[in-house]
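Morning, everyone. I'll walk you through one model today, starting with a helix pair and ending with the sheets.

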Amino acid sequence: MAEITLDKVVKRYGKLEVVHGIDLKIAHNEFVVLVGPSGCGKSTTLRMIAGLEDISDGAIRIGGDVVNDLPPRKRNISMVFQNYALYPHMSVRENLGFGLKIAKQDPKMIEERVAEAAETLGLDALLDRTPAELSGGQRQRVAMGRAIVRHPEAFLFDEPLSNLDAKLRVQMRTEIKKLHQKVKTTVVYVTHDQVEAMTLADRIVIMRDGNIEQVGTPMEVFDHPLNTFVASFIGSPP
Ligand code: ADP
Ligand code: MG
């Protein structure tokens, strides 16, 4: 069960503290969105969960186990970035299977996982194309497919849609939501876009200057903002 817990998690870069001891409990299968202005510590928090940044103090647990010292590949979570780097010289099929291939998984199993991810994301007809022959939205789906094939217990997204145009962004939001309903994993999703956060989240976490200001369902936060920062950030009526 991929419950994720942050217990007084601190991040310092040298003398500069950028995350000030945050507590957060994310339930299995929950879709949680971290939202807040640029520089408030969203990506740093996500990267600490992923194991891409060391934590300076506190503890992170995934499925009950403290993972502070585990490298990313042992945490059984997949991260989808804003700049989805696909391998340009490989087909979609090869892009999807590549991570499993370098992990020396059985070719038969790779084939099955790739077929399953392609079906989930509607990529069946595109498997033999190269990234240059895909639209932005299709590339984004391949990037998600590369995460799915690993059957991770949790997905971490860092502003995955911010490079897409407005129309596609709205469309991809729906796809990500559908994907979550289909594959049933825990999702931690970072965005600076309030509307995106409100549409996607089971619960939203509002951050400011390395602290968590409020956690709640979109409705709770909108209707009962704890302070004026949250109210104005979310756009609650005064
Ligand atoms: P967000 O994703 O919310 O925009 P970040 O987590 O990227 O914010 O950054 C939080 C703060 O940490 C910012 O003030 C940023 O400048 C600082 N920061 C991020 N990465 C580093 C780093 N490698 N070295 C020093 N400071 C950093
Ligand atoms: Mg960021």
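How close do the axes of helix H4 and helix H5 come, and at what angle do they cross? Keep in mind that this is a predicted model. Now the helices. H4 covers residues 136-148, and H5 covers residues 166-183. Their axes come within 11 Å and cross at roughly 25°. Angles under 35 degrees count as roughly parallel, so H4 is roughly parallel to H5. The crossing of H4 past H5 is right-handed.

Which residues make that contact? On H4, they are Gly136, Gly137, Gln140, Met144 and Ile148. On H5, they are Leu168, Gln171, Met172, Leu179 and Val183. By type, six of the contact residues are nonpolar and four are polar. None is charged.

Leucine 121 touches Met144, along with Arg141 and Gly145, leaving aside residues up to four places away in sequence. Leucine 121 belongs to helix H3, residues 107-121. Is leucine 121 buried or exposed? It is buried, because 22 C-beta neighbours lie inside 10 Å, and the cut-off for buried is 20 or more. Now look at isoleucine 148. Leucine 121 and isoleucine 148 are 27 residues apart along the chain. Their C-alpha atoms are separated by 9.6 Å.

On to the strands. Take E7, residues 154-158. How many of its five residues are buried? Five of the five, so E7 counts as mostly covered. Ala154, Leu156 and Asp158 point one way from E7. Phe155 and Phe157 point the other way.

E7 pairs with E6 and with E8. Strand E6, residues 77-80, runs parallel to E7, and four bridges join them. One bridge sets isoleucine 77 against alanine 154 in E7. Strand E8, residues 186-191, also runs parallel to E7, with five bridges between them. There, leucine 156 has valine 188 of E8 as its bridge partner.

Last, the other sheet. In what order do the strands of the open four-stranded sheet come? The order is E2-E1-E4-E5, with antiparallel pairing. Strand E2 (16-26) and strand E5 (65-66) stand at the edges. Each has a single partner strand, so one side of each is left without a neighbour in the sheet. Further in, strand E1, residues 4-13, runs antiparallel to strand E4, residues 57-62. Five bridges join E1 to E4. Valine 10 stands opposite aspartate 57 in E4.

Note on methods: Residues numbered from 1 in each chain as written. Chains lettered and ligands numbered in written order. Predicted model: local features only at pLDDT ≥ 70, side-chain atom pairs only at ≥ 80, totals over all residues. Helix = DSSP H or I, 4+ residues; strand = E, 2+ residues; numbered from the N terminus. Buried ≥ 20, exposed ≤ 12 C-beta atoms within 10 Å, placed from the backbone. Contact = placed C-beta atoms within 7 Å. Axes fitted to C-alpha atoms, helices over the stretch in contact; angles between N-to-C directions. Parallel < 35°, antiparallel > 145°, perpendicular 65-115°, else oblique. Left-handed = near helix turned anticlockwise from the far one by under 90°. Nonpolar A, V, L, I, M, F, W, Y, C, P; charged D, E, K, R; others polar. Pairing = 2+ DSSP bridges.
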